[in-house]
Amino acid sequence: MSTPTKKRTTLLRRLAAASAVLALPLTATAIAPAAHADDNATLTVVGTSDVYDSFLVQTILKPQFEAAYPQYTLNYVSRGTGAAIAYAKSGAASAMIVHAAALENQFVDEGYSLESYGRAIFWGDYILGGPAADPAGISSAGHGNDIVRTFQDIATAGAAGTATFVSRGGTPGTTVQEHAIWAETTSVPLCTISASDGGGKAPTTGNGACGTVADLPAWYKRTDLTQAPNILAASTCNFSPRPANSCYVFTDRGTFNYLQSTAQATNLTILTRDNAPNAIGGPDLLVNSFHAYAINPAKFTANPGVSINTAAATAFLNWVTSPAGQTAVGGYLSDTGDAPFLPSAAPAVTTSTVPASLVSGQTLKVTGTLRNVVPGTPKLDFVPVKLVGTPTGGGAATTVATATTDATGAFTLTYKPTASMRYAVVTDQITKIENTTLDPIFGDLLAPTETSLGTVNVTAAPLAKGTVTAKAAKAGAKTRFHGKLTPAAGSAKAKVVVYVKVAGAKKFRALTTVALRKGAKTWSTKVRVKGKRFTYYVKYTNPGTSTPATSPKKRTAR
């Protein structure tokens, strides 16, 4: 059996085992808690059905969080984003996972988030699934990377009686994005969705604001189901008198991939994904970004029946945004090389390489760029960045240099090391406004990150060669010796020693030593010399600053 096949078989067995343990249908709530009743040992997370129906919760989030924090039992309540937000606002959950910025901004503005914004956790993409026969002609029209034209193709074929669009309806994050796409179409009769329901437009037989189900065109079917059942409804395509095998569905790729990996939704194939740069709405129209929130207990102080487990909610947010949590999420359904959930908690950091060694006093320069990994997000400008060093011989890590990113997210850090260290580029938690066109604005929190640069060994700078001059002149009963020093004395340990050999003597002897003050550039001393004639020289010792220097020998006479 090939390695990819082994991985797929292992994955299917793991998913089947998880399904058997939970023993819940895809439309059910996982381990449903009593309303308003988290205690110290439980954590209720309400969230989008995407991460539940795709089995990410059952396979990754729940078991791995509980392994990391065995003091908590995680109970996940599966809802569409709009319903999940309403559930969280009732006080029935301590944390929330959703994916609709146009609804999340209202949740934050009303004070229900414990933190200033939600935390970025991962992102994926939306796709359009449909029958291989493709009665709307999406593939033949070359619209496999243009979701707006795909929607228009379906509307045209639907009006002609040959295609059916299966929508979840309501306010799930998927439907909110669907409405944003319909708003980009032309030649399709549309009604306006209120801003409180996420905005955008939807197909209609009438005019103005969206009304009742009766206003929906015959080719547009609203199921009010969660993600996986809605996909399965499209695969079954039992909407008489609409044609069989004519159904298209807009959905997240994670749930679609999971269903197909377990031999479900077999009547559907992906017809449109990865919007092209020149497509209507741009390349980011199919980006599906998820955020996690801890619920603010202060919103429920007047309701003693609400019990928010803030410690557990914070632990969950910290775990899912940690390197371990992000790796676990990114590995799910990744054996095909096309993972549906991509880590996005922390920014990506690219840096220049550092040298293996530097001479003490030389400058260490690190350049780099900080960016949000989610496509379509703004540049990470004006973000503080730190260069942190840890002594190789042991000791605490310290910040040795700081910088701020420019308008493009680029930064430069400089430092003159004097000892060998291991270095890393570090950012703290980043608060970033992601969408200013929404009212209220939408922002999120990016996790702290640390990027290792490696070790830079520092060697001592080679000492400069010192020089010294010496002159001697009679000054009464004593002789004055003096001269100049290069470089200046580096410390109080620097000294000049005067050596003299009088006429008839066999060797030089140290006549006197001159202690120098730090920074001295000249020297001078007066000392009695016995003998009418003598030869002299001086030696300049300057520890740690320059090599010893000796003046030329000179002969003098009285």
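User: Which strands make up the open sheet of three, and in what order?
Analyst: The order is β13-β15-β18, with antiparallel pairing. Two strands pair if DSSP finds at least two bridges between them. Strands are DSSP runs of E with at least two residues, helices are runs of H or I with at least four, and both are numbered from the N terminus.

User: Which strands stand at the edges?
Analyst: β13 (348-351) and β18 (410-415) do. Each has a single partner strand, so one side of each is left without a neighbour in the sheet.

User: How many bridges join β13 to β15?
Analyst: Four bridges join β13 to β15 (residues 364-371). Thr-350 has Thr-369 in β15 as its bridge partner.

User: What kind of model is this?
Analyst: This is a predicted model, where local features need pLDDT of at least 70, side-chain atom pairs count only at pLDDT 80 or more, and totals for chains, interfaces and linings use all residues. Residues are numbered from 1 along each chain as its sequence is written, and side-chain values use heavy atoms, with hydrogens and water left out.

User: New topic. Is helix α5 enclosed or open?
Analyst: Helix α5 (residues 101-109) is largely enclosed by the rest of the structure, because seven of its nine residues are buried. Buried means under 20% relative accessible area, exposed over 50%, and partly exposed in between (1.4 Å probe, protein chains only).

User: What do the buried residues of α5 pack against?
Analyst: They pack against α4 (81-89), β3 (95-98), α7 (173-182), β11 (287-294) and β21 (442-446). Contact means heavy atoms within 4.5 Å. Just after α5, Gly-111 takes a positive phi of about 85°.

User: And how many disulfides does a search of the whole structure find?
Analyst: Two. A disulfide here is a pair of cysteine sulfur atoms within 2.5 Å. One joins Cys-191 to Cys-210, S to S 2.0 Å. Cys-191 lies in strand β6 (residues 190-192) and Cys-210 in the loop between β7 (201-203) and β8 (220-222), so the pair ties together parts that are 19 residues apart in sequence.

User: Are those two cysteines buried or exposed?
Analyst: Cys-191 is buried, with a relative accessible area of 3%. Cys-210 counts as partly exposed, at 28% relative accessibility.

User: Which cysteines form the other disulfide?
Analyst: Cys-237 and Cys-247, with sulfur atoms 2.1 Å apart. Cys-237 lies in the loop between α8 (227-236) and β9 (247-252) and Cys-247 in strand β9, so the pair ties together parts ten residues apart in sequence. Both Cys-237 and Cys-247 are buried.
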